[in-house]
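The sequence and the coordinates follow.

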Amino acid sequence: MASKRMLIIRFSALGDVAMTVPAIYSLATRYPDLNIDVVTRPFFARLFVNAPANVNVIGVDFKKDYKGVGGMLRLLRRLGQLKPDCVADLHNVLRSWIIDRYFRLRGVKVVMVDKMRAKRSELFRTGQPQPSFIDRYAKVFAELGYSVGLTFKSLYQNHTPTLPFEPARPAIGIAPFARYFNKTYPAAQMREVIAKLTAGGYNVYLFGGRGEEADQLKEWAEATPGCTSLAGLYPLEDEIALMGAMDAMVSMDSSNQHMAALAGTPVISIWGSTTPACGFMGYGQTPERAVCLDIACQPCSVGGSPECPKGHFDCMNKLSPDTIVDKIRQTVNASSLPTSEPKHS
């Protein structure tokens, strides 16, 4: 019997693509004879560290190689040459609908992820949790005839990462930024968290993007002994490996929580306008690690927004730095004395 081929589509964003990895790797492991082509943006393709042998990741640059209508036609021809037996649309947007239509006209079975847009009003009104997107991705595979349990543990479960340096112990990674204001813990309060941690003997490593984020985190680190900024210094693959070397990561509801989760690290996630009920909890993370006040107006958004619709931003402003520090201590077992032993040998 000839091997089957599945085309998987998920173009953006970084955190959303990261959430596909546990489902895709579990699928690939469960069905080693299934050839899997994953189509995403070139930068996001770098998330697929130590991918199973039957996973082929294709980077698609819509700003350069596949721009406009002509570019989409070229992409359709390229994907058509793969001759997939089925298509898993994990994005469910206009661009992926065009690809879906192309293959459906050729008799290829296509299943789209259910974003449950119609149930969002219920989420905002009652806080009724929505299923995790990772589970929704696995459901797409099941509807294509490939039922799969989520067996993924870590990008490094069968590999030892090469680190650019060994973090001092105990090592706490902090990624203090998110795309939107109302998903970001206020800077003054986060600096208080960092000060309390370093004063308590923890070594803090700051993660962030290049440019303004890197400049700001460099200032924080220079002002705080025991704090080091890694922002903008390493490629994505090294950043993920370093997250995996942390004893714990602190992150907003952002791509960083998902990258740290892929690396197998406990993540203390901080929630403001969004909550874990929105379905974006990091893979393998327990509810106890989520720091969320659960006030009446949470959640007010699924993906975040530039401002608080109520104007008070109580979900973050009233979240005490001590609450976050206590959660970190609980996670890394603060009763043990700090050591300088590396996590990776």
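Helix α2 passes helix α3 in a right-handed crossing. The model under discussion is predicted. The axes of α2 (residues 68-80) and α3 (residues 94-104) come within 11 Å and cross at roughly 50°. On the α2 side the contact involves Met-72, Leu-75, Leu-76, Leu-79 and Gly-80, which meet Arg-95, Ile-98, Ile-99, Tyr-102 and Phe-103 in α3. Sorted by class, the residues of this contact are 8 nonpolar, 1 polar and 1 charged.

The crossing of α6 and α7 is right-handed. In α6, the residues Ala-187, Met-190, Arg-191 and Ile-194 meet Gln-216, Glu-219 and Trp-220 of α7. By class, the contact of α6 with α7 comprises 4 nonpolar, 1 polar and 2 charged residues.

The two pairs are set out below.

| Helix pair | Axis angle | Axis distance |
|---|---|---|
| α2 (68-80) and α3 (94-104) | roughly 50° | within 11 Å |

Within α5 (residues 133-143), Phe-133, Ile-134, Arg-136, Tyr-137, Ala-138, Val-140 and Phe-141 are buried. The elements that cover these buried residues include β1 (5-9), α1 (14-30), β4 (86-89) and β5 (109-112). At the start of α5, a side-chain oxygen of Ser-132 comes to within 3.1 Å of the backbone nitrogen of Ile-134. Just after the helix, Gly-145 adopts a positive phi of about 100°.

Where does Gln-130 lie? Gln-130 is in the loop between α4 (120-126) and α5. Its relative accessibility is 10%, so Gln-130 counts as buried, the cut-off being under 20%. The side chain of Gln-130 makes a polar contact with the side chain of Arg-136, at 3.3 Å, and Arg-136 is itself among the buried residues of α5. Beyond its neighbours within four places in sequence, Gln-130 is in contact with Met-116, Lys-119, Arg-120, Leu-123, Arg-136, Ala-277, Cys-278 and Gly-279.

Key. Residues are numbered from 1 along each chain as its sequence is written. This is a predicted model: local features need pLDDT of at least 70, side-chain atom pairs count only at pLDDT 80 or more; totals for chains, interfaces and linings use all residues. Side-chain values use heavy atoms; hydrogens and water are left out. A crossing is left-handed if the near helix is turned anticlockwise from the far one by less than a right angle, and right-handed if clockwise. Helices (H or I, at least four residues) and strands (E, at least two) are DSSP runs, numbered from the N terminus. Contact means heavy atoms within 4.5 Å. Ala, Val, Leu, Ile, Met, Phe, Trp, Tyr, Cys and Pro count as nonpolar, Asp, Glu, Lys and Arg as charged, and the others, Gly among them, as polar. Buried means under 20% relative accessible area, exposed over 50%, partly exposed in between (1.4 Å probe, protein chains only). A polar contact is a pair of N or O atoms within 3.5 Å; within protein, one must be able to donate a hydrogen and the other to accept it, and residues adjacent in sequence count only if both atoms are side-chain atoms. Axes are lines fitted to C-alpha atoms, for helices over the stretch in contact, and angles run from 0 to 180 degrees between N-to-C directions.
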